[in-house]
Amino acid sequence: MSPRAPLVWPTQALSEALTAVWPAAQVEVVQSVTSTNTVLMNWARAAGPEGVPRLLVAEAQTAGRGRLGRTWLAQPGASLTFSLALPLAPTDWSGLSLAVGVALAEALDPCATPLSAQTPVARIGLKWPNDLWLLDPQAPGRKLGGILVETVVVGTLRWMVLGVGLNVHPQEGAAPAGVRPACLAEWLPDITVPAALTCVLLPLAQALKQFESAGFAPFVPRYAARDLLHGRMLTLSHHPELTHGLAEGITHEGALRVRSAQGISLIHSGEVSVRPCEPEFVPIAPLEDAA
């Protein structure tokens with residue numbers, strides 16, 4: 001693979017997008033860190049009540065991490081990795097990672113792409129609780145990105161640190177042989193990593209502000225329109241009692257509804273990892289009701 005050109009970051013535009021929602025917010029872009037989430041978690045603890053919202057973007061991470069301690073590979077020019085730290089005070093934190101997924105998916109895939117003239121579907125689907133998947137009518141869905149939400153209490157403030165990783169271009173060594181991870185460039189061939197961040201930052205900031213004031217309820221129908229698991233048989237891990245069941249959508253608090261022989265169980269974010277029993281994902285339902 002030929003070397004990629006140095007990245008050019010529109011820091012002024014990024015700052016303007018963020019300060020449109022949080023006027024005191026700061027933006028920092030670095031070449032490499034261990035983990036943007038780790039750096040901002042430590043920063044939030046030290047900043048305390050004097051801290052201001054802060055966006056940290058890294059061209060590469062040496063110890064990037066995702067949910068349940070998984071690693072996240074990020075190569076310069078191929079992957080967008082950033083974290084956003086801000087004091088947040090929603091009435092209910094439930095469903096936050098799902099709301100973030102909705103905001104990212106809608107920003108990158110704002111309109112239904114007609115895979116056929118009769119059935120417009122989303123190109124980006126959401127896999128509960130924190131993954132974005134690229135849909136392909138001729139092949140299984142593949143993971144496109146992930147979301148990691150962490151919080152830390154400092155005095156009277158609760159800081160949210162939100163980490164996002166998105167595959168923008170193919171990465172060498174990012175997957176085992178024979179596995180082809182998804183990337184944005186598959187249908188947006190001219191996209192760059194800075195352009196991807198510019199695309200999602202303002203919608204993400206606005207979604208977080210909306211979540212703080214109204215909770216997850218406004219995002220429920222929008223999530224449902226991209227829900228990859230709805231109607232699928234699941235295998236669940238890290239759950240003490242439930243191993244299999246049928247996904248029946250999400251609640252207004254963002255819990256996953258799973259039907260089994262024991263009835264309906266509500267699975268909350270962070271409790272389990274879920275995998276469809278079928279070997280392939282297929283395009284999800286049309287978006288007529290997603291407004």
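Of the 291 residues of the chain, 51% count as buried. Buried means under 20% relative accessible area, exposed means over 50%, and partly exposed lies in between (1.4 Å probe, protein chains only). The model is predicted: local features need pLDDT of at least 70, side-chain atom pairs count only at pLDDT 80 or more, and totals for chains, interfaces and linings use all residues. Residues are numbered from 1 along each chain as its sequence is written, and side-chain values use heavy atoms, with hydrogens and water left out.

The accessible surface of the chain comes to about 13,200 Å². Carbon and sulfur atoms account for 55% of that surface. These areas come from the Shrake-Rupley method with a 1.4 Å probe; for residues, only the protein chains shown count as cover.

The chain has five helices and 14 strands. Both are DSSP runs, numbered from the N terminus: helices are H or I with at least four residues, strands are E with at least two. Now take contacts, meaning heavy atoms within 4.5 Å. Among those between residues at least 6 apart in sequence, 68% join residues at least 24 apart.

Start with helix α4, residues 193-214. This helix has 22 residues and reaches 31 Å from its first C-alpha to its last. That is close to the 32 Å expected at 1.5 Å a residue; the expected span is 1.5 Å times one less than the number of residues. Helix α4 bends by about 30° at Leu201. The bend is the angle between axes fitted to the seven residues ending there and the seven starting there.

Look at both ends of α4. At its start, a side-chain oxygen of Thr192 reaches to within 3.1 Å of the backbone nitrogen of Ala195. After the helix comes Gly215, whose phi is positive, near 75°.

Buried residues of α4 include Val193, Leu197, Leu201, Leu204, Leu208 and Phe211. The helix's buried residues pack against α1 (11-19), β2 (54-61), β3 (79-87), α3 (96-108) and β9 (157-167).

His169 lies in the loop between β9 and α4. Is His169 buried or exposed? His169 is buried, with a relative accessible area of 17%. A polar atom of its side chain lies 2.8 Å from the backbone oxygen of Ile191.

Next, the charged pairs. The structure holds six salt bridges. A salt bridge is a side-chain nitrogen of Lys or Arg within 4 Å of a carboxyl oxygen of Asp or Glu. Glu28 forms one with Arg54, the closest N and O atoms being 2.2 Å apart. The pair links distant parts of the chain: Glu28 is in strand β1 (residues 26-33) and Arg54 in strand β2, 26 residues apart. Glu28 is partly exposed, at 29% relative accessible area. Arg54 counts as buried, at 14%.

Arg222 and Glu106 also meet in a salt bridge, at 2.9 Å from N to O. Here Arg222 sits in helix α5 (residues 220-224) and Glu106 in helix α3, 116 residues apart. Arg222 is buried at 18%, while Glu106 counts as partly exposed at 25%.

Asp109 forms a salt bridge with Arg226, the closest N and O atoms being 2.9 Å apart. Asp109 lies in the loop between α3 and β4 (113-114) and Arg226 in the loop between α5 and β10 (233-237), so the pair ties together parts that are 117 residues apart in sequence. Asp109 is buried, with a relative accessible area of 3%. Arg226 counts as buried too, at 5%.

Technical notes. Polar contact = N/O pair within 3.5 Å; in protein donor to acceptor, adjacent residues only side chain to side chain.
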